[in-house]
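Work through these exercises with the structure open beside you. Try each task before you read its solution.

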Number of protein chains: 2
Amino acid sequence: MHPHEDSVLRPFYEPRGVAVVGSLKDVRGEAYTSIRNMLHFGFSGNIYPINPGYSEVMGIRAYPTVEDVEGPVDLAMVIVPPPAVPEVIEHCGRKGLRAVIVGTEGFAERGEAGARSQQQLVDVARDHGVRLLGPNTIGLVNTSNGLVTAPYWITYDTIRKGNVAYGSQSGFIGAQGLPLEDRAYPISKMCDFGNKCDLNEADLLEYLVDDPETKVISLHIEAVKEGRRFMDALRQVTARKPVLVFKTGRTEQGATAAASHTGSLAGSAQVCNAALRQAGAITVNTWQEMLDIPKVLAMQPLPSGNRVGVVTATGGVGVAAIDGAVQAGLVIARLSGPTVDRLKSLNPSLGRNPVDLGPTMVVAADPFAATEEAVRAVVDDPNVDCCLLVLPSGIDRWATATVEMFGRLRQRTTKPVSVYIYGTSVSVRDDVARQLDALGVPTYLELETAVRALGVAVEYARSKSRLAG
Amino acid sequence: MHPHEDSVLRPFYEPRGVAVVGSLKDVRGEAYTSIRNMLHFGFSGNIYPINPGYSEVMGIRAYPTVEDVEGPVDLAMVIVPPPAVPEVIEHCGRKGLRAVIVGTEGFAERGEAGARSQQQLVDVARDHGVRLLGPNTIGLVNTSNGLVTAPYWITYDTIRKGNVAYGSQSGFIGAQGLPLEDRAYPISKMCDFGNKCDLNEADLLEYLVDDPETKVISLHIEAVKEGRRFMDALRQVTARKPVLVFKTGRTEQGATAAASHTGSLAGSAQVCNAALRQAGAITVNTWQEMLDIPKVLAMQPLPSGNRVGVVTATGGVGVAAIDGAVQAGLVIARLSGPTVDRLKSLNPSLGRNPVDLGPTMVVAADPFAATEEAVRAVVDDPNVDCCLLVLPSGIDRWATATVEMFGRLRQRTTKPVSVYIYGTSVSVRDDVARQLDALGVPTYLELETAVRALGVAVEYARSKSRLAG
């Protein structure tokens, strides 16, 4: 049996066929664009354009209604004007579909009349045994089968397959908003919940807990619906997989704004964050943390303690790293005697933590060999549980040598490592970061995120053993 | 009279001639590289390579000692081994120099013996009427005359001339560490204080208070020397120009690390930040804030209050922006009746703050015209003191249209505006950000920094009127 065969989200993420209902007008039609994106990212199932005005689009046969399709259809992506949505849901139900994404905007996020229209969608769907994602959503991404439903033109070619699942109440966290290719986020699934008239975070968690492609879950939430069910699901998942939560609408004014964005009420910051942590979730504070911190959990082993070793090419950043590490709940490791000796044999100035390699790298015949030996010495130290590396990307052959060095260093995977990389060329720095990520070395473009990532790894390791204990 | 003729930093920043003392070995020699950088960035004064083993380098005549130079020399950049530094300072003093940068490392940052050697430099310098910057410093940047002393190879071609001065205790904040060209920071002066054996932040502030090229000052400080003098200088400057301070070594462990980085003691976080704010400085918390926030103060007028209007292309980010704005001390503006009417004439769904343009941009015939009208409506509102814009960069012709739109919008400069820009292509996004910055519209790549920037503008406006009152 498929591990999550009974999950309501299975037909959403793993449909044999997808009906796309809406405008098929070239380029600007929402259904046209959604179909184009599925073709562009190589969706492995069948695609059925639905629009009575077309017999074919992009070489694919079109149908007047979902009911006219002969083959199996498991999912519909619907972007038609609000008054037309209920009838499309009815058609889907009669065709036997259990999964409909309503991309259409203009429901509860537009006040009371919109909320009433939204309730109508829920009623029709229930009557026909259909589950709804949305409305007001760009839908889903599944890198396993190339499913990318967004009705906005996506201007790049690849989404990196990986094991982080992202869920958000905003289309900003989606293929059309983020530089998924340029940043190479390692993605298994994405989900934009939209207005959450039916399915919500709890359903996503229940699906992802058994998803073999997903190792880490990162959620952006404005407001929790079905609070108790969500917390139960969270507790169940966090015992097995880390869940990060970026809660917005944390301030009273933010919560008001959230109400007019997705038509839901946001809870108070303190209550919400405390409850989330109680259920084993890790709370983060910025989009960048929500996006980037999962990498360390996806790529690295969990630390067995909170003692951090820092190796830095620049002393000033090392000091800021220590500040950040302490604030993230880490303890600055006291290096053992043999480690101090190994470091001093590189350069007599070394031996303290943070290991400031700056002066050594200037005088070393081979700065990469020196860096590598210093990193090995610190990672090998029994007093060190995790390691932060602060290094320049270099340019040209130095950039290549940096990547080669990590090609050798990545063997040391018994303790988690996080890298902050900086440099005078943004494009070279970004390229080196992508290559290190591809090697399985989580690499960050901001010091604070790199440090916080290790803090999160420690926090999850602790919370997991607490939940298991 | 020159406004800061009596400043000890004048010969450092505005030398007629610079002697560069040290290894002139091709490419890897520190003095060679420092000279190369001055040539590369078009230093307008004379350059005198000093090394008894060379008669010429890069087409420039070399001299055995500083005393052998015939022309006027106001500054020496010295990178010779530690034991040789005192004699070079003596030579400089006898030649009549008042300004010496000691780039050499290996002094107080290496413990007691190093501290004794450092004291020797101070003694020799005092005996010969010479002031010292450093040791353990990459020195200075002055975009007015092309002075770039760093003894590390700089791999790009331009540093944007602007009116922000940066001072740091780390060479990380310098031309060889940061992507100054790619990010186009608008720079007047930079200074790496190094170990601060003689000159320190107080001297820089005393020089910059009258520097017509500098409108905003941003400092990274690990430890303050001459605390009372620094605070006096700070109070004097902040009444006329904003000063941002990023204090590291805030934690006990960070302070210990700072001691081994630049050989100085860091103060406690609370005491230090409270004292800094008391003196009118604005404290920031990350390198990114220290680098990027000055833009809003350099490019925009000060706000007359703390009521923020938010115009966003994506509702989810708008909610997070409101959270951030409240945390930054801003109040969410209540839009006036005429503004609500103007917005509703664009789209009936509009009228609330934040102004979520997402749905409007999808249906508008000209999304740029709609965005522009919405921004104008919000900026014109008498209930709005400052404005945050959250917009995608677009790509291709959309990116061009985005820049053109801001070319028109920048006329609205009676209230400060801060822009958070995002997009699916990092390179296009970065390029659009550079173009908007060049138009005088401060543009940020992280939401949190864009929001915090407005908070800082409000904070400075208040502190200035308090100090003036």
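The exercises below go from chain contacts to helix packing and then to backbone geometry.

This is a predicted model, in which local features need pLDDT of at least 70, side-chain atom pairs count only at pLDDT 80 or more, and totals for chains, interfaces and linings use all residues. Residues are numbered from 1 along each chain as its sequence is written, while chains are lettered from A and ligands numbered from 1 in the order in which they are written.

**Exercise 1. The two chains**

Task: Find how many residues of chain A are in contact with chain B, and which element of chain A gives the most.

Solution:
- Start with the rule: two residues are in contact if their C-beta atoms, placed from the backbone, lie within 7 Å.
- Apply it: 56 residues of chain A touch 57 residues of chain B.
- Now sort by element. Helices (H or I, at least four residues) and strands (E, at least two) are DSSP runs, numbered from the N terminus.
- Two or more residues on the chain A side come from each of helix 8 (252-262), helix 10 (287-292), helix 12 (315-327), helix 17 (426-438) and helix 18 (447-468) of chain A.
- Helix 12 of chain A gives the most, with 9 residues.
- Last, sort by class. Ala, Val, Leu, Ile, Met, Phe, Trp, Tyr, Cys and Pro count as nonpolar, Asp, Glu, Lys and Arg as charged, and the others, Gly among them, as polar.
- The chain A side that touches chain B then has 20 nonpolar, 25 polar and 11 charged residues.

**Exercise 2. The domains of chain A**

Task: Locate the domains of chain A and describe their contact.

Solution:
- Domain bounds come from an automatic or database domain assignment. That assignment gives domain 1 (10-292) and domain 2 (296-468) of chain A.
- Taken over C-alpha atoms, the centres of domain 1 and domain 2 of chain A are 37 Å apart.
- The contact takes 16 residues from domain 1 of chain A and 16 residues from domain 2 of chain A.
- On the domain 1 side, strand 10 (161-168) and helix 10 of chain A each supply at least two residues.
- That side of domain 1 of chain A has 7 nonpolar, 5 polar and 4 charged residues.

**Exercise 3. Two helix pairs**

Task: Describe how helix 15 packs with helix 16 in chain A, then how helix 6 packs with helix 7 in chain A.

Solution:
- Two packed helices are described by the angle between their axes and the distance between the axes.
- Axes are lines fitted to C-alpha atoms, for helices over the stretch in contact, and angles run from 0 to 180 degrees between N-to-C directions.
- For helix 15 (residues 367-380) and helix 16 (residues 396-409) of chain A, the axes come within 10 Å and cross at roughly 30 degrees.
- Angles under 35 degrees count as roughly parallel, over 145 as roughly antiparallel, 65 to 115 as roughly perpendicular and the rest as oblique. Helix 15 and helix 16 of chain A are therefore roughly parallel.
- A crossing is left-handed if the near helix is turned anticlockwise from the far one by less than a right angle, and right-handed if clockwise. The crossing of helix 15 and helix 16 of chain A is right-handed.
- Contact residues include A:Phe368 and A:Val375 of helix 15 of chain A and A:Met405 and A:Leu409 of helix 16 of chain A.
- By class, this contact of helix 15 with helix 16 of chain A has 5 nonpolar, 1 polar and 2 charged residues.
- Next, helix 6 (residues 201-208) and helix 7 (residues 227-238) of chain A pack at about 25 degrees, with axes 9 Å apart. That makes helix 6 of chain A roughly parallel to helix 7 of chain A.
- The crossing of helix 6 and helix 7 of chain A is left-handed.
- Among the residues in contact are A:Leu205 of helix 6 of chain A and A:Phe230 of helix 7 of chain A.
- The contact of helix 6 with helix 7 of chain A has 7 nonpolar, no polar and 3 charged residues.

**Exercise 4. Backbone geometry**

Task: Examine the peptide bond from A:Gly134 to A:Pro135, and phi at A:Ala184 and B:Asp396.

Solution:
- Most residues other than glycine have a negative phi, and most peptide bonds are trans.
- The bond from A:Gly134 to A:Pro135 is cis, with omega near -5 degrees. A:Pro135 lies in the loop between strand 7 (131-133) and strand 8 (140-142) of chain A.
- A:Ala184 has a positive phi of about 50 degrees. A:Ala184 sits in the loop between helix 5 (180-183) and strand 11 (187-192) of chain A.
- For exposure, a residue is buried if 20 or more other C-beta atoms lie within 10 Å of its own, exposed if 12 or fewer, and partly exposed in between; C-beta atoms are placed from the backbone.
- A:Ala184 is partly exposed, with 19 other C-beta atoms within 10 Å.
- Phi of B:Asp396 is also positive, near 45 degrees. B:Asp396 lies in helix 16 (residues 396-409) of chain B. B:Asp396 counts as exposed, with 10 C-beta neighbours inside 10 Å.
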